[in-house]
Amino acid sequence: MINGFSSNTELVQYLIKDGYIKSQAVARAFLEVDRADFVWPGSEKLAYVDEPLALGDTGQTISAPSMIAIMLEALELKRYEHVLEIGTGSGYSAALISRIINPGSVVTVELNYKLYLFARKNLERYNNIIPVLGDGSKGFPPYSKEELYDKAVIMAAAQKIPDELLAQVMKDGFVLAPVGGRGYQNLVKKWKNGKEENYGGCIFVPLRSL
Ligand code: SAH
């Protein structure tokens with residue numbers, strides 16, 4: 001199988017060699033978080049393949065490691081940051097984010113109940129991740145102005161970056177999201193001040209809303 005490796009370390013070495021992982025911080029997180037702990041039971045053999053994998057019968061997928069690496073690099077995460085993630089899925093990307101921003105925190109929102117339970121179990125030992133069950137298509141409002149997120153990321157394809165979500169990040173914060181229709185999107189970083197940056201093409205499952 002193409003790009004199928006036999007260990008997490010080999011997978012990470014490939015992500016570095018092919019230029020998906022660029023920074024020390026992202027490399028360290030990928031080495032620390034074993035993808036095999038986040039794939040659906042029965043898919044363990046495919047854990048180190050650089051492909052999205054089905055999460056049981058939910059119709060959702062754990063993203064390809066290279067895609068998550070691109071997103072993590074674009075997020076430019078720093079220690080102590082407070083990050084909002086929409087689309088927990090397996091919890092893999094939330095775990096990776098949490099390692100970089102530690103002792104900061106990650107709030108991660110999932111709409112699918114089965115996946116929320118699956119991720120909550122996978123994330124049990126991460127004490128700086130708050131899994132939330134709900135519709136994150138308009139974000140997850142922080143409890144107060146002082147608790148606005150440093151940055152937010154949508155792990156599903158959005159038609160546009162929701163204004164409600166932009167309102168939930170700090171003044172110099174941004175939202176990173178795949179923007180576009182079904183089948184193909186552009187990874188877009190939109191700052192609260194309106195500035196936008198394009199990180200190229202990607203393919204994600206659609207962001208749903210209730
Ligand atoms: N990054 C994840 C994969 C995300 S797949 C991982 O590493 O496993 C996208 C996820 O977004 C799916 O689990 C889907 O159920 C969820 N999703 C879709 N619409 C949503 C919404 N409105 N609110 C919260 N989660 C949503």
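A: Of the 210 residues in the protein chain, 51% are buried. The model is a predicted one, and the values here are computed from it.

The protein chain has 6 helices and 9 strands. Its radius of gyration is 16 Å, close to the 17 Å given by the globule rule for 210 residues, so the chain is as compact as a globular protein of that length. Along the principal axes, the C-alpha atoms fill a box of roughly 45 × 35 × 35 Å. Among the contacts with a separation of 6 or more, 53% are between residues 24 or more positions apart. The accessible surface of the chain is about 10,200 Å², and carbon and sulfur atoms account for 52% of that surface. The chain carries 23 positive and 24 negative charges, whose mean positions are 2 Å apart.

Now the rings themselves. A pair of aromatic rings is described by the distance of the centres and the angle of the planes. With centres within 6.5 Å as the cut-off, the count in this model comes to 7 aromatic pairs. One of them is F30 with Y92, an edge-to-face pair with 6.2 Å from centre to centre and 80° between the planes. This pair links distant parts of the chain: F30 belongs to helix α2 (residues 24–32) and Y92 to helix α4 (residues 92–101), and the two residues are 62 apart. Both F30 and Y92 are buried.

Y92 also pairs with F38, and this arrangement is tilted, at 5.7 Å centre to centre and 45° between the planes. Because F38 lies in the loop between α2 and β1 (53–54) and Y92 lies in helix α4, the pair ties together parts that are 54 residues apart in sequence. As for cover, buried means under 20% relative accessible area. F38 has 0% relative accessibility and therefore counts as buried. Y92, at 1% relative accessibility, counts as buried as well.

Taken together, Y92 of helix α4 is paired with F30 of helix α2 and with F38 of the loop between α2 and β1. The angle between the planes is 80° for F30 and Y92, and 45° for F38 and Y92.

Elsewhere among the aromatic residues, F5, Y14 and Y20 form one aromatic cluster.

Conventions
Residues are numbered from 1 along each chain as its sequence is written. This is a predicted model: local features need pLDDT of at least 70, side-chain atom pairs count only at pLDDT 80 or more; totals for chains, interfaces and linings use all residues. Side-chain values use heavy atoms; hydrogens and water are left out. Helices (H or I, at least four residues) and strands (E, at least two) are DSSP runs, numbered from the N terminus. The radius of gyration is taken over C-alpha atoms; the globule rule is 2.2 Å times the number of residues to the power 0.38. Buried means under 20% relative accessible area, exposed over 50%, partly exposed in between (1.4 Å probe, protein chains only). Contact means heavy atoms within 4.5 Å. Accessible areas come from the Shrake-Rupley method with a 1.4 Å probe; for residues, only the protein chains shown count as cover. Lys and Arg count as positive and Asp and Glu as negative; His and the chain ends are not counted. The place of a charge is taken as NZ of Lys, CZ of Arg, CG of Asp or CD of Glu. Rings of Phe, Tyr and Trp (its six-membered ring) pair if their centres lie within 6.5 Å; planes under 30 degrees apart count as stacked, over 60 as edge-to-face and the rest as tilted.
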